[in-house]
Amino acid sequence: MLVSEIPALREFWYPVVYSAELTDKPHQAVLFGEEYVVWRTSDGSVHAAFDLCPHRGARLSQGWLTGDRLVCGYHGWQYDASGRCVCIPQNDPSIPIPPRARLQPVHADERYEMVWICIAEEPRAPIPDLPELNDPDYVLIHEMMEVWDAAAPRVVDNALDVSHLSFVHRGSIGDADAPQMSDYDLVRDGWNFSFTISYQSRVTEQQKRNTGITDDFITRTTHAELVQPMVFRGVLEYPNDLRHVLYKTCAPVDDHRTLFCQFIARNDRPDDEKAQGIIGVDRTVQCEDRALLERMPSDFPAEVTTEVHTKGDRMTLEYRRILAELAAEAGPLRPDATWAGGRWGS
């Protein structure tokens with residue numbers, strides 16, 4: 001199943017740019033294969049619309065801002081925050097501006113130092129509430145926002161799949177000699193589900209500096225949650241009461257690419273030097289995931305009978321069911337489809 005075959009995913013919010021990067025220039029974001037322009041006005045509010053000037057189809061993200069007006073770089077047409085054209089420089093000011101000279105806006109908002117957009121007429125859910133980021137005992141650290149050549153469901157599935165840690169991350173935090181995990185219960189509510197699991201993890205020298213732990217191996221407990229279909233939360237608990245909360249969002253650029261964003265919350269108030277060490281370890285881990293995911297097919301097998309599953313795959317099985325349910329809202333799944341050679345076929 002491709003992302004484009006799940007229209008319901010368009011009804012959620014996705015972060016597309018860091019707040020600090022949206023200053024005096026428009027920014028282009030791509031979601032579900034469509035281009036959008038995002039900009040900020042002088043009152044600090046953020047706005048977004050299809051990245052298309054209705055005059056001659058130029059990309060407004062190639063323009064600029066004059067005061068609170070978004071200016072098309074092709075013919076200088078100017079648009080206000082609502083998307084209405086308020087100036088056509090080539091026309092006499094007495095000539096009325098055509099009513100159709102307006103942009104097609106989409107929802108835009110700001111939270112957790114990021115700009116989020118929703119391209120549906122009505123969002124299915126609000127921007128996710130991430131509790132630690134509203135808690136003064138935790139510090140927010142942004143780690144990465146980058147495009148991966150991997151389908152968004154693959155990236156989310158990887159986050160939920162704890163059993164791969166021992167092997168994909170055997171060069172960093174994994175222990176291939178101890179692949180067993182604790183048993184776990186999965187609790188689901190709509191498209192949200194959570195589970196708690198424990199496993200043995202390696203502690204690298206950098207992690208020892210990051211965490212204050214001196215052991216080479218520890219039993220680590222993760223409270224994992226699928227917050228929304230493309231938003232993951234994982235609370236990593238260490239024996240010394242440290243809590244390292246991973247947030248991952250996967251904004252589908254198209255069927256084959258994902259704007260992957262990872263940010264964390266920590267309850268130990270790390271200074272800048274320690275924060276850079278934390279980011280370094282997490283980036284190493286994500287690079288290991290990325291190398292694997294970018295070689296996997298974009299077509300995600302949502303049918304639970306397609307692959308071979310084990311007891312430890314309950315969380316990823318449930319994710320397949322959720323995507324299949326969301327896809328079914330648009331009509332029946334492909335009953336005549338078969339999985340062969342890494343792709344669906346008829």
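How many cavities of 30 Å³ or more does the count come to? The count comes to four, where a cavity is a set of points on a 1 Å grid over the protein atoms alone at which a 1.4 Å probe fits but cannot get out. The model is a predicted one, in which local features need pLDDT of at least 70 and side-chain atom pairs count only at pLDDT 80 or more, while totals for chains, interfaces and linings use all residues. Residues are numbered from 1 along each chain as its sequence is written, and side-chain values use heavy atoms, with hydrogens and water left out.

The protein chain contains five helices and 19 strands (DSSP runs numbered from the N terminus: H or I of at least four residues for helices, E of at least two for strands). Its radius of gyration, taken over C-alpha atoms, is 22 Å, close to the 20 Å given by the globule rule for 346 residues, so the chain is as compact as a globular protein of that length; the rule is 2.2 Å times the number of residues to the power 0.38. Of the 346 residues, 51% count as buried, that is, under 20% relative accessible area with a 1.4 Å probe, protein chains only.

The largest pocket (an open set with protein on both sides within 12 Å along at least five of seven lines) has a volume of about 270 Å³. Among its 14 lining residues, Arg-154, Asp-157, Asp-161, Met-296 and Arg-320 lie nearest the centre. Helix 1 (152-160), helix 4 (272-293) and helix 5 (314-328) are the elements that give two or more residues to this lining, with the largest share, three residues, coming from helix 1.

Elsewhere, four strands form an open antiparallel sheet in the order 5-6-7-8, pairing being defined by at least two DSSP bridges. Strand 5 (64-66) and strand 8 (85-87) are its edges.

Key: Grid points are joined across faces, edges and corners, and a volume is the space filled by probe spheres set on the points. Buried means under 20% relative accessible area, exposed over 50%, partly exposed in between (1.4 Å probe, protein chains only).
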